[in-house]
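Please read the following note with the sequence and the model open side by side. Each numbered point may be checked against the structure in turn.

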Amino acid sequence: MFIDALKEIWGTSGFTAITWGNIAMIIIACVLVYLAIARKFEPLLLLPIAFGVLLANLPLAGLMNGPASDSEAGGLLYYLYQGVKLGIYPSLIFFGVGAMTDFGPLIARPSSLFLGAAAQFGIAVAFILAISLKFTPQEAASISIIGGADGPTAIYLTSRLAPKLLPAIAIAAYSYMALIPIIQPPFMRLLTTKKEKETVMTQIRKVSKLEKILFPIVVTVLCVLLLPAVAPLIGMLMLGNLFKESGVVERLSDTAQNALINIVTIFLGVTVGATAAAETFLQWETIKIIFLGLFAFIFSTMGGLFFGKLMYWLSKGKINPLIGSAGVSAVPMAARISQVEGQRANPANYLLMHAIGPNVAGVIGSAIAAGVLLSLFG
C-alpha cells in the first residue's frame, strides 16, 4: 500500500516530465538570481524575472496554463500575465516613474530634449540589423526598442507586436540597463577628448512651480495628439508627475512612488519571466536578440555622445558632451555615470543635475519611439 502510494506520487511528479531544456532554463534562472543578489544587477526586476523563469520551467506546475474550459481555472500566473498582455503593468510603472521624476533640469535646459532624441539612435540601427537578419518588421521593432534602455517600454511594445519574443527582449533590456556602468564608460572615454571631459557647466536656472505644473499637461497634449498610440505610457507618466508637482495630492503621489510601483514590479517581473519556457526561449533567435540588444544600447550611447559633442561645439565649449550618454532612459543610473566620468576627468566637475535633463528626456524619447513603431507596424 505504501509502495503503491509512493509510485503514484512519483508518477504524477514533475520529475517524470522534466527535460534537458527545463534543466538548462533552471540553471539560467539560478544565474540570474545570482546576478540580482550577489552582483546587484537591476535586482528589483531581475530577481522576480529570474524566479518567474524558474517557475515556468518546473514541469506540470501549469502556472501559465490558460483555462481548459469555462468550468476550469487556469494557472495563477496566467491571470497575472494579462496585465502584461493588455499593457496595464508597463503603464502603471510609468505612472510611478512620473511621480518620482523631477523634470526641472529638462525644463531649465530644453536643449536636453535633443540629447534624449539622439540617444534613440540605437533603435534605428538595431531595427535595420534585425531586418537584415530576417526578423519581421514587428519583431525588428520590438528588438530595436531595447536601445531606448527602458524596460517597461520594451515590454509594452513587444507585448503588442511580437509577444513570443517577450522573455528574451525583457531579460536583455533589463540586463543591459543593469550593465550601464560597464557598457557606457569605455565609449564615453573613447569618443570624447580630455578637454571636452573637463568642461565645467554653469548652474542651471531655477524652475518655477507653474512651469513644473504646466509641463506634464503640455507634453501630454502634444505627444498624444501627434502619436495617439503612445497615450497609455505618456499619459500615465505625466499624470504621475502632475501628482508630484501639484503638491495637493501627497498621499496619492506617495502611493504611486512606493506601494503601487512595487506591487506592479513584482507582478510584471514574475509573469514576464514565466513566459520563458524552454521550448520558446532556447532558440538561435534568442542569441540574436541578445546581441542586437547590445548593439542597440551601444549605438544609443554613441548617438547621445556625438550629439553632445555637437552641442559642445555650438555652445563654444559650454556643454560637456559626457551628458549626452545620459540620453538613454535608464533613470538615474545613466546620469550618475556621466557624473562619475566627469569627475574622473576633473574633480571639480559636477554634471549630475545637467545629465538628469537628457536622462528624463530619454524616458519621453523612448516612449515616443515606441509610439512611432506601434503606429507603423501595429
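Predicted model: local features only at pLDDT ≥ 70, side-chain atom pairs only at ≥ 80, totals over all residues.

1. Glu-245, by contrast, is buried, with a relative accessible area of 11%.

2. A search of the whole structure finds seven salt bridges. One of them joins the side chains of Asp-102 and Lys-212, with a distance of 3.3 Å from N to O. This pair links distant parts of the chain, since the two residues are 110 residues apart: Asp-102 belongs to the loop between helix 5 (88-100) and helix 6 (104-108), whereas Lys-212 belongs to helix 14. Asp-102 has a relative accessible area of 28% and is therefore partly exposed.

3. A further salt bridge is made by the side chains of Lys-309 and Glu-196, at 2.9 Å from N to O. Here too distant parts of the chain are linked: Lys-309 is in helix 18 (residues 284-314), Glu-196 is in helix 13 (residues 194-197), and 113 residues separate them. Glu-196 has a relative accessible area of 8%, so this residue is buried.

4. Not counting residues up to four places away in sequence, Leu-268 touches Leu-45, Val-84, Tyr-89, Ile-93, Ile-155 and Tyr-174.

5. Leu-225 is found in helix 14, which covers residues 209-226. This leucine counts as exposed because its relative accessibility is 68%, where the cut-off is over 50%.

6. Helix 9 (residues 137-144) is mostly covered, with six of its eight residues buried. The buried residues are Glu-139, Ala-140, Ala-141, Ser-142, Ile-143 and Ser-144. Their cover includes helix 8 (121-132), helix 10 (151-161), helix 11 (166-178), helix 18 and helix 20 (352-377).

7. Is Ser-144 buried or exposed? This residue of helix 9 has a relative accessibility of 0% and therefore counts as buried. A polar atom of the Ser-144 side chain lies 2.8 Å from the backbone oxygen of Ala-141. Leaving aside neighbours within four places in sequence, Ser-144 is in contact with Ile-123, Ala-126, Phe-127, Ala-296 and Leu-373.

8. The loop between helix 9 and helix 10 contains Ala-149. Although Ala-149 is not a glycine, its phi is positive, at about 55°. Ala-149 counts as buried because its relative accessibility is 2%.

9. Lys-318 counts as exposed because its relative accessibility is 60%. Its contacts, leaving aside neighbours within four places in sequence, are with Thr-199, Met-201 and Tyr-312. The C-alpha atoms of Lys-318 and Ala-274 are separated by 48 Å, although the two residues are 44 residues apart along the chain.

10. Lys-316 has its place in the loop between helix 18 and helix 19. Lys-316 is not a glycine, yet it has a positive phi of about 55°. With a relative accessible area of 75%, Lys-316 is exposed.

11. Which side-chain contact does Ser-325 make with the backbone oxygen of Leu-322? A polar atom of the Ser-325 side chain lies 3.0 Å from that oxygen. Ser-325 is in the loop between helix 18 and helix 19 and is buried, with a relative accessible area of 1%. Apart from neighbours within four places in sequence, Ser-325 is in contact with Gln-184, Met-188, Thr-301, Gly-304, Leu-305, Ala-334 and Ser-338.

12. Val-331 and Pro-332 are joined by a cis peptide bond, for which omega is about -5°. Pro-332 is placed in the loop between helix 18 and helix 19.

How values were computed:
Residues numbered from 1 in each chain as written. Heavy atoms only, no water. Contact = heavy atoms within 4.5 Å. Helix = DSSP H or I, 4+ residues; strand = E, 2+ residues; numbered from the N terminus. Buried < 20%, exposed > 50% of the residue type's maximum accessible area, 1.4 Å probe, protein only. Salt bridge = Lys/Arg side-chain N within 4 Å of Asp/Glu carboxyl O. Polar contact = N/O pair within 3.5 Å; in protein donor to acceptor, adjacent residues only side chain to side chain.
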